[in-house]
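Here is a short briefing on one structure. Look it over first, then read the points below.

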Amino acid sequence: MEAIRLGLVGCGGMGHRHLFGLAELHRAGLCRFAPVAACDPRHENAVSLAAHVTEHFGTRPAVVGTMDELASVGGIQAVDICTDPPHHHTLAVEAMRRGWDAMVEKPMGLTARACRLMRQAAVETGRLLSVAENYRRDPINRLAKALLDQGVIGRTRFMMHNTAGGRDQMLISVWRHQKNMSGILLDVGVHFSDMIEYLMGDVTTVYAQTRLYEKTRKNPMAGKDPDAVEHTSPAGVYERWQKDMPAEFEATAEDAAYATLVFASGAVGQYLEEHAAHGRGFWHRAVYGERGSLDLPGDRSGQPINLTLDDGGLIEGAAILDLVPDFHVDDATAALFGGTRLWRYSFPFAETDRKIIAIEYADFADAILTGRPPEVGPDMGARSVAISYAMLESGALNRPVTIDEVLDDRTHTYQAEINESLGI
Ligand SMILES: NC(=O)c1ccc[n+]([C@@H]2O[C@H](COP(=O)([O-])OP(=O)(O)OC[C@H]3O[C@@H](n4cnc5c(N)ncnc54)[C@H](O)[C@@H]3O)[C@@H](O)[C@H]2O)c1
């Protein structure tokens, strides 16, 4: 079968990580894509990504700077959009109108309204729109979902998702601290929103307090030689851009949310996302049910789940699999992670990152080739964006906010300024 001709759009940090994921899939003999073009208005970024394509695939992709130039490459069938978030909706809508299927990085769109435009375009054009939401594809999160679906802890009553850390440091890039570019509570929070619904089902209402504590953020990499420092950014790819970012800059996006969530099932969630915490940082996700609890490890950590049952105590190690006899991961995950029934794994972070991105590509290709919907399509992608904004809207309005009112764009007090900056 002919490979799907793919354009890589947005060749920054995540664009490079996606290519490493595609190469991982290629090495596993499961890649259905031919990456034929690297597209970025920052020429040096497109050139860099193209060089990695040549290294891993042995082919020379076109280097282009615009969607028109991408179209002139000829025969493009799909695009993978990894630009910064303000461009997601314009590029995805344009791609679908050109007849290309699209995978777009999270957050699907920069606001609920941007997501609506993307959903409309997907319906109108009949093209496929997949959201590259990676955390749920972690095999340990697959196991967590299987345990919950199997009713191992009984009906769920509450979940906690609590994270804190960050102080006044820049998280990866300047734009993650700018309200109109995808502030940190959206950039990181949208992953958590997706995971929360993946495990617990629909969220209906949130009531949140939000804060902007650290109005000046610091970039410790400014002016440093990236080759002379230990790489600490995700998958070690960001330092070469961070060295040229300012040492200090103003942050305009809220950096803390404290929320209560209500689920359609009747369960309740406690949510704390703190990117400005000083002192001891922490990460905690747990689900409690009628008969026991699940303590879940950090996404992409490979650590085991801690399951405690009233009538069985702590279930440790591979014994957890006995409770879910039908659990098995999909073929691509099994091939990449080396097992169909995984309860832990251990790889360096960059390798885990590649494998999980490879799974996203395998899902996207299968959806294109079989006509089935992708795992995270426009409706689900838009819901995660709406949940993160429901917290920010609730913080701005000081009242509980429903996910539906944000999803339907009836409530947009907080997002108004962002929509205006996008011209939508
Ligand atoms: N899933 C994850 O774990 C994860 C991790 C990091 C980033 N992301 C997401 O990936 C996306 C990109 O983040 P990043 O860290 O790579 O940002 P980045 O700033 O490093 O890279 C963005 C790139 O997009 C390019 N670009 C801007 N406008 C463009 C256009 N019109 N056409 C083509 N290219 C364009 C920029 O020049 C830049 O090279 C964001 O949506 C971010 O939220 C996801």
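A polar contact here is a pair of N or O atoms within 3.5 Å; within protein, one atom must be able to donate a hydrogen and the other to accept it, and residues adjacent in sequence count only if both atoms are side-chain atoms. By that rule, a polar backbone atom of Gly 12 sits 3.4 Å from an oxygen atom of the ligand.

The model is predicted: local features need pLDDT of at least 70, side-chain atom pairs count only at pLDDT 80 or more, and totals for chains, interfaces and linings use all residues. Residues are numbered from 1 along each chain as its sequence is written, and side-chain values use heavy atoms, with hydrogens and water left out.

**Ligand site**

- Lys 106 places a polar side-chain atom 2.9 Å from a ligand oxygen atom.
- Trp 175 also has a polar side-chain atom by a ligand oxygen atom, at 3.0 Å.
- The protein covers 89% of the 860 Å² of accessible area that the ligand has on its own (Shrake-Rupley method, 1.4 Å probe; for residues, only the protein chains shown count as cover).
- The ligand is surrounded by 29 residues, where near means a heavy atom within 4 Å.
- The closest are Met 14, Asp 40, Asn 45, Lys 106 and Arg 176.
- By class, the shell has 11 nonpolar, 9 polar and 9 charged residues.
- Nonpolar means Ala, Val, Leu, Ile, Met, Phe, Trp, Tyr, Cys and Pro; charged means Asp, Glu, Lys and Arg; the others, Gly among them, are polar.
- Helices α1 (13–27) and α4 (88–97) each supply at least two shell residues.
- The largest share, 3 residues, comes from α1.
- Helices (H or I, at least four residues) and strands (E, at least two) are DSSP runs, numbered from the N terminus.

**Backbone features**

- Pro 107 lies in the loop between β5 (101–105) and α5.
- Ile 172 has phi near 65 degrees, a positive value in a residue other than glycine.
- The loop between β7 (156–166) and α7 (179–182) holds Ile 172.

**Helix pair α5 and α13**

- The axes of α5 (112–125) and α13 (378–397) come within 9 Å and cross at roughly 170 degrees.
- Axes are lines fitted to C-alpha atoms, for helices over the stretch in contact; angles run from 0 to 180 degrees between N-to-C directions.
- The two helices are therefore roughly antiparallel (angles over 145 degrees).
- From α5, the contact (heavy atoms within 4.5 Å) uses Ala 112, Cys 115, Arg 119 and Ala 122.
- From α13, Pro 378, Asp 379, Ala 382, Val 385 and Tyr 389 take part.
- This contact has 7 nonpolar, no polar and 2 charged residues.

Notes: Parallel < 35°, antiparallel > 145°, perpendicular 65-115°, else oblique.
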